[in-house]
Amino acid sequence: MVLKERFGSKYIGVLDYGAGNLGSICNALEYLGYVPDLIDNPDGITEAKRLIFPGVGSFDMVMTYLNEKGMVDPLREKILDGMPFLGICLGYQVLFESSEESRKSSIRGLAVFKGKVVRFRERKVPQIGWNFAKVNKRPSLLDGGYYYFVNSYYPQPDSEDIALSTTVYGNTEFVSAIEVNDVIATQFHPEKSGGKGLRFLRRWLRC
Amino acid sequence: MLTKRIIPCLDVTEGRVVKGINFVNLKDIGDPVVLARAYSNQGADELVFLDITASSTGRDIMKDLVGKIAKKVFIPFTIGGGLRSVEDIREILRLGADKVSLNSAAVLNPNLIEEAREKFGSQCITVAVDVKKSRKNWDVYIYGGRKKTDWNVLDWITEVQELGAGEILLTSMDQDGTRTGFDIALYQTVEKELGIPVVASGGGGTIQAFKDLFEQTEVDAALAASIFHYDLISLQELKEALIDAGIPVRPLEEGCA
């Protein structure tokens, strides 16, 4: 604990919701000189100074877990309160109200933003590979360019104002990242996007 | 738009990268982590590591290696070779691999694909299919190409897709290691049947081979080993040539949009 206080700014909260593989984001944080601090309870969220919501699992699985653990309200409050937050893939999708991935319509997202998550209507789903994120806002932590995507679903925000970047897959143009105050979230995986992805993470960690 | 991926493949045995022709005559190429970082820096879009020993000691060395790669390499990578159970898959993913590639085990126990899909999601389950041309079709082989199965390629990949694979790595054994071009007819035949990405492998020995592949088929990615290992063509050179030919690939030095 003493160590944690002393090197507090190096500790980065990583939401652990039981899906298993948080390895990629933790490895990237360590590579950049930070210490991942896995958070799996409401107190952890309340104490977090900075939080990453990584993208593993399904929408229903993660929301069910967060509901059962009583983490939905604290998480929502902290995000709205201005804690620096980075959502990746599923961690981006849960910021919206609902998802077509849900088997039960009663399962809601964090609803920080208005909009829903929909499935690609393209021949090949999931989208797997490097696609171009066109950045629409300046200045931004994110450079335009190619990032690594693995997704069958994507959010459709009600307000276009929150869009940070857009990407085209087949005949679909979608919002591939958003930025609102201290909330930034990406459909792609910066921790798997080589040097460009690490650069984005480093900037976010320092801002 | 989504770009076509170029994927160096590293065959690993006893903790070293090796390369042979038609699955035999293996030569030592180098250290997996060093090679992986070099390929990543040179613009590889993903990496595949195949454990070609798959003995019990080889498996432990491989697990150790997966953890080391995951700490140093920040592009997606796949681990294949000798994975037989959901537990094997869980461990490899937990150690930091992004995907696993199932080959013989999937043929011997197709339910493994379904179980793995349910536990970990399609996106991390690649099924590797090794085929050899017969008179009218392509036959599926297992055990590193040593045993012919009763499956033909179309029936098997259709089955694999229905069971929940997220991607198919389709290797032409006839072309493997020969550097004489991909088996275009094979990929043209399978693409109509698939709604998941296909990675072509076997025969990618020249820039022209990759151009032909991407111009004449709809495959999503190409995997190759020997041309990169022996510095016959650099990744950068290949990608520049593909961009010049109008094929969408991720450039090495990317400007800001």
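**A close look at the aromatic rings**

Modeller: Let's start with A:Tyr92, which is buried, with a relative accessible area of 0%. Keep in mind that this is a predicted model. A:Phe96 also counts as buried, at 0% relative accessibility.

Now for the pairs themselves. A pair of aromatic rings is described by the distance of the centres and the angle of the planes. Over all chains, the structure holds 18 aromatic pairs. One of them is formed by A:Tyr17 and A:Phe53, and that pair is tilted, with 5.3 Å from centre to centre and 45° between the planes. What does this pair link? It ties together distant parts of the chain, 36 residues apart. A:Tyr17 lies in the loop between β1 (11–15) and α2 (23–31) of chain A, while A:Phe53 belongs to strand β3 (residues 51–53) of chain A. Are these two buried or exposed? A:Tyr17 counts as buried at 1% relative accessibility, and A:Phe53 is buried with a relative accessible area of 0%.

Back to A:Tyr92 and A:Phe96: their ring centres are 5.8 Å apart and their planes stand at 75°, so this pair is edge-to-face. There is a cluster to find as well, in which ring pairs link A:Phe120, A:Tyr147, A:Phe149, A:Tyr154, A:Tyr169, A:Phe174 and A:Phe188.

While you have chain A in view, look for an open sheet of 3 strands, in the order β5-β6-β9, with mixed pairing. Its edges are β5 (98–99) and β9 (153–157) of chain A; each has a single partner strand, so one side of each is left without a neighbour in the sheet. β5(A) pairs with strand β6 (residues 115–119) of chain A in the parallel sense, over 2 bridges.

B:Asp183 sits in the loop between β10 (167–172) and α7 (184–191) of chain B. This residue is buried but has no salt bridge, and the nearest side chain of opposite charge, B:Lys133, is 6.0 Å away. A salt bridge would call for a side-chain nitrogen of Lys or Arg within 4 Å of a carboxyl oxygen. What does the side chain of B:Asp183 make a polar contact with? Its partner is the side chain of B:Trp138, at 3.0 Å. Leaving aside residues up to four places away in sequence, B:Asp183 touches B:Trp138, B:Ser172, B:Gln175 and B:Gly202.

Key
Residues are numbered from 1 along each chain as its sequence is written. Chains are lettered from A and ligands numbered from 1 in the order in which they are written. This is a predicted model: local features need pLDDT of at least 70, side-chain atom pairs count only at pLDDT 80 or more; totals for chains, interfaces and linings use all residues. Side-chain values use heavy atoms; hydrogens and water are left out. Helices (H or I, at least four residues) and strands (E, at least two) are DSSP runs, numbered from the N terminus. Buried means under 20% relative accessible area, exposed over 50%, partly exposed in between (1.4 Å probe, protein chains only). Lys and Arg count as positive and Asp and Glu as negative; His and the chain ends are not counted. A polar contact is a pair of N or O atoms within 3.5 Å; within protein, one must be able to donate a hydrogen and the other to accept it, and residues adjacent in sequence count only if both atoms are side-chain atoms. Contact means heavy atoms within 4.5 Å. Two strands pair if DSSP finds at least two bridges between them. Rings of Phe, Tyr and Trp (its six-membered ring) pair if their centres lie within 6.5 Å; planes under 30 degrees apart count as stacked, over 60 as edge-to-face and the rest as tilted.
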